[in-house]
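This briefing walks through some strands and helices of the structure shown below. Please keep the sequence and the 3D view at hand while reading.

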Amino acid sequence: MRNLKLLKCLSSVELQSPGSPQCFSVRTDTGSLLISSQFSITEYDPPYRTGELTLWPGVLNEVSLTSEDYLPEDGQGVVVGIQDLPDQESVCVATSRGDVVLYNLSTNQLECVGTVDSGLTAMSWSPDQEVVVFCTGQETIILMTKDFEPITEVDIHQNEFGEGKFITVGWGKKETQFHGSEGKQAAQKKAAEVQPAVPWDDRRPRITWRGDGQLFAVSAICPQTGARKVRVWNRECVLQATSEAVNGLEQPLCWKPSGSLIASSQRHPNKHSVVFMEKNGLLHGDFTLPFAKEKVKELLWNSDSSVLAVWLEDMNPGEDGKRNTYIQLWTVGNYHWYLKQSLHFGNDPLKAPACLCWDPEKPLRLHLLTRAWASYTYDWGWCTDRSPGDDSQDNANVAVIDGDKVLVTTFRQCVVPPPMCSYELQLPAAVNMVTFHSQPQRTNELAALTADSRLHIYAGNGKGAPGFRVVSKPSVLQKTYSVAVDQEGVLAMRLLLWLKEDVFVAVAGGDGLNQSSLLFLKPAETEGSDNRLEIRSKVEVEGHVISLCHSPKSDTLALQLEDGQIRRVHCDSTEVTVSEWKDSTGYTVNFPLPCVHTALCTINGQEHVVGLTERYHLYIGDSEVASNVSSFVVYDEFLLLTTHAHTCRCLHLATMSLKGETIDAALSSEATQNDESTRRVERGSRIVTVVPQDTRLILQMPRGNLETIHHRALVLAQLRKWLDDLKFRDAFECMRKLRINLNLIYDHNPKVFLENVETFLNQIDSINNVNLFLTELKEDDTTKTMYPNPASAACQSASASGADGKKKVDTICDALRSAMETLDPLKFCLCILTSHVRKTTPELEIALQKVHELRVNPPSEKNAVSAEEALKYLLFLVNVNELYEHSLGTYDFDLVLMVAEKSQKDPKEYLPFLNMLKTLEPNYQRYTIDKHLKRYKKALHHLSKCGEEHFTEVLNLVKDQRLYTEALQLYPAESQQYKMLSVAYAEHLVEQQQAEQAGLLLWRCGEMPRALQAFVSCISWRHALAVAVHIPLPPEQLAQLARDLAEKLIEVRRHAEAAVLLEQYAKVLETLLLLSIHQHRPDSGVLFSQFSNVHH
């Protein structure tokens, strides 16, 4: 969906030379023109070559062909071919007399390297310039080496088809074969007679080479039929194929350099077409020329096969006896041929083209020489004409030029693959340029400049066809201006921009040879000239301007010169000035190389010019940031670009660095898992446009079809905008469609979401969508894992838990449930159930209880949810067996039956169990259910209410599940049950090596002997002696107990405690003395004297 725009048009003054140009060639090493006329060979150096400041055109070399008698002096001589030979520093010229002349450009000498007595009618060198083909007056082909040594000579007209003759395998006769829509009559249909060539055919042969130099084709008049026939020969001059008989085939012939198609033209009774042949001579496609009254003089492919130039001339002269001349530039996309540019040269014979050729080095440079020796060079560039708006009012328009039509596609409403479009704008003449209005809210308005220098303004919404729903309403013609520009030549204006209301800016040729004029056009204010644009301001710029770019946001206008220099245009109310582009430090910024595509962007608060060269180098100012970029576009805060690594990158301008190594390394590296800036695309994809305030990026494939992608960076950026603006519905629909995790709605800004929960519910207004949001909730913070924000400082990140310590999922579920119960609990019934189920610990009992309430008290509203529907929905969220178990926990057998009926359980499996439960006493029934559900604490609570006859079961349950603490809380401390539970608890504590705690428990419940035993086992001697005294034990048993405890204390090396025990209770002085000495007690001497008195 690209157009050809004129970057530069350079013209030179008329060269004063005798005769008129007959053919010319471009020197690849110097760029000068080698021109041959009926008198001489001239090497002409125009003044417009890049980098040179030649003030006047110059003739570098000139030699006469008449003085050496190669051409007659009467001016009737004809040069049939000219070719530059850079290896020999010469130029080869072939004359109709049969002379092959080599003109040495260094010595300025002529040398005749060969002569054909019958004369020559055509000459063509192979692309590698190793061999040359001549057509002679005897209708033969002579093949020579580059040193002009003959290889072979053959007749042009061969009776054989060639080596590529088709093979017939004999599958049926023509009469028995299927002939499609033509019917059976096609079998008896006689072949149409071949008509002779058209009268205006010059009857000269044409030679064209394939791009690889292995094949060449010759078009010549057949002597038998008088019609043109094309034959294909190989490099050894062996016939390969002969074309089928084609009525009306004309003289132009040109082989596509990078393909297998040979272009020619064909005259039909009712149309005029450019036809294509394969190397086997069969027709393969065509396209119709827009006019039927012209003859095609030449067809020329450019070097990369992207543009076909068609040179036409009127067949019938006008009233003044003069013929109009045209040059049309055609391109192909998706098997449709577009007329991109139409150059009208008028009917002045001196201004008509005499020679035309494409530059061999630069594919989009076209050289033209008029009959009056004026030379023109047109430099073209590819561009996508898109509307520049970035608001939601902009329809993402893209305009494609196709002759006298402009094909407009509004990508906001529909994505229509070319050559189709949303609507067509029919204009009275061929269109050369298209531009959109730059002012916000008006970017859908379009202006088209036609070849007759009229500017057509389209705006508004037209009416569609009646009875149909119109998705995209076409624009309507509002005004038509005639453009008054005092410039001579074709395409006097280029690089048209629509800045403001009826204010246009364009570039034209300057007063000097190395100057350009910047024109500001406005409607004329004089009376009687309402429909004319005139120049209000004109600024001369030193150098040739090749691009203009404008920023609607900052209203900045920048231009670029052919050497890469950047200039800023200041549009004041009084005058227009042009100055150098400088950065914030005052440093002058220029592109190192000229760029064919430029745009303005803002990085870190400073405005920069972005440019892409024809060699795919991307520059931001004077910094090269990438070297493999195929296309780019600046949208909002992003720089989007496609690379030759088949990726589409979306770079955030706010976080972008101008260090080229950093960006280039990022472009060449593999993307990480959560890198939102990278997306793989199809090979050769180019950016067409971005839909403003949307997530769609339109790409075009090399074959011409379109693809719409939602680049993750654009999606997330737009989602963040919507969430900041509380547009939850737009964000939700986009996230659901593009499979973005819905947790981002909360994680982007938790505080704002919780404060606007009711707004969220009112905008979503869909039970299914709210349930979808709840079911996707996770504890992870998606702004840190899946979707990290490049500008994270501006985003409040969610935490793993809320401000009150609650988990994220619980916080959202509670907030939504509270809001839904406030707004309409009946409407959001299912959502409320979801909020219970989706909590970290699912509240299934509460959810089932709400279902139970719906069953007991069914709502009377018409659209209210019934208990059956609510239960069915719960079964969708929760496993049916799990829900069955929880329904049992509600002790509602009707609810249990409802759940069981929805499950896959066999009624024989659950009905006996339920019937058995119904026969039980209520508390024992609940105990049985809780025990079945393994809710042992609740089971114990219910069982404790069943009476003393079930205390054995209580005791067994407590022992099995170790619910001693809970059981003791259910009975009074004075009861026998409490005592029995305490004893059981004590036994459990003893098993757990907690004998002291067991002893205290036994002491408390009055089991003194068992408490004493527990204290002795854990050597708690103080508690043991206290219990012994409380029993009470006799003194002898008490002393013995003390001695036993002392021995155990000594075994565990608690000597001090053993000594105290013996001293106070056992009265054993000998042992006490030993212990005291062992412990180094200070009163050991007193103990020794007591011990001595006792023994004496």
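In this predicted model, strand E7 (residues 90-95) is joined to strand E8 by five bridges, and the two strands run antiparallel. Strand E8 (residues 99-104) is also joined to strand E9 (residues 109-115), by six bridges and again in an antiparallel manner.

- Between E7 and E8, Val 91 has Tyr 103 in E8 as its bridge partner, and the two strands form a hairpin with three residues between them.
- In the turn of that hairpin, Gly 98 has a positive phi of about 110°.
- E8, which takes part in both pairings, is mostly covered, since five of its six residues are buried.

**An open sheet of four strands**

- Strands E29, E30, E31 and E32 form an open sheet in the order E29-E30-E31-E32, and their pairing is antiparallel.
- The edges of this sheet are strand E29 (385-386) and strand E32 (423-426), each of which pairs on one side only.
- Within the sheet, strand E30 (residues 397-402) and strand E31 (residues 405-410) run antiparallel and are joined by six bridges, with Asn 397 having Thr 410 in E31 as its bridge partner.

**Helices H17 and H18**

- The axes of H17 and H18 come within 10 Å and cross at roughly 160°; because an angle over 145 degrees counts as roughly antiparallel, the two helices are roughly antiparallel to each other.
- The crossing of H17 and H18 is left-handed, and in their contact Tyr 936, Ala 939, Leu 940 and Leu 943 of H17 meet Glu 953, Val 954, Leu 957, Val 958 and Gln 961 of H18.
- Sorted by class, this contact of H17 with H18 holds seven nonpolar residues, one polar residue and one charged residue.

**His 950 in the loop between H17 and H18**

- His 950 is placed in the loop that lies between helix H17 (936-943) and helix H18 (951-961).
- Is this histidine, His 950, buried or exposed? With a relative accessible area of 18%, His 950 is buried, because the cut-off for that class is under 20%.
- Leaving aside residues up to four places away in sequence, His 950 touches Tyr 924 and Leu 943, and Leu 943 is also among the H17 residues that meet H18.
- Although His 950 and Tyr 924 are 26 residues apart in sequence, they are 9.1 Å apart in space, C-alpha to C-alpha.

**Helices H20 and H21**

- The axes of helix H20 (residues 976-991) and helix H21 (residues 995-1004) come within 8 Å and cross at roughly 165°, and the two helices are therefore roughly antiparallel to each other.
- H20 passes H21 in a left-handed crossing, where Tyr 978, Ser 982, Val 983, Tyr 985, Ala 986, Leu 989 and Val 990 of H20 meet Ala 995, Gln 997, Ala 998, Leu 1001, Leu 1002 and Arg 1004 of H21.
- By class, the residues in the contact of H20 with H21 are 10 nonpolar, two polar and one charged.

Methods
Residues numbered from 1 in each chain as written. Predicted model: local features only at pLDDT ≥ 70, side-chain atom pairs only at ≥ 80, totals over all residues. Heavy atoms only, no water. Axes fitted to C-alpha atoms, helices over the stretch in contact; angles between N-to-C directions. Parallel < 35°, antiparallel > 145°, perpendicular 65-115°, else oblique. Left-handed = near helix turned anticlockwise from the far one by under 90°. Contact = heavy atoms within 4.5 Å. Nonpolar A, V, L, I, M, F, W, Y, C, P; charged D, E, K, R; others polar. Buried < 20%, exposed > 50% of the residue type's maximum accessible area, 1.4 Å probe, protein only. Pairing = 2+ DSSP bridges.
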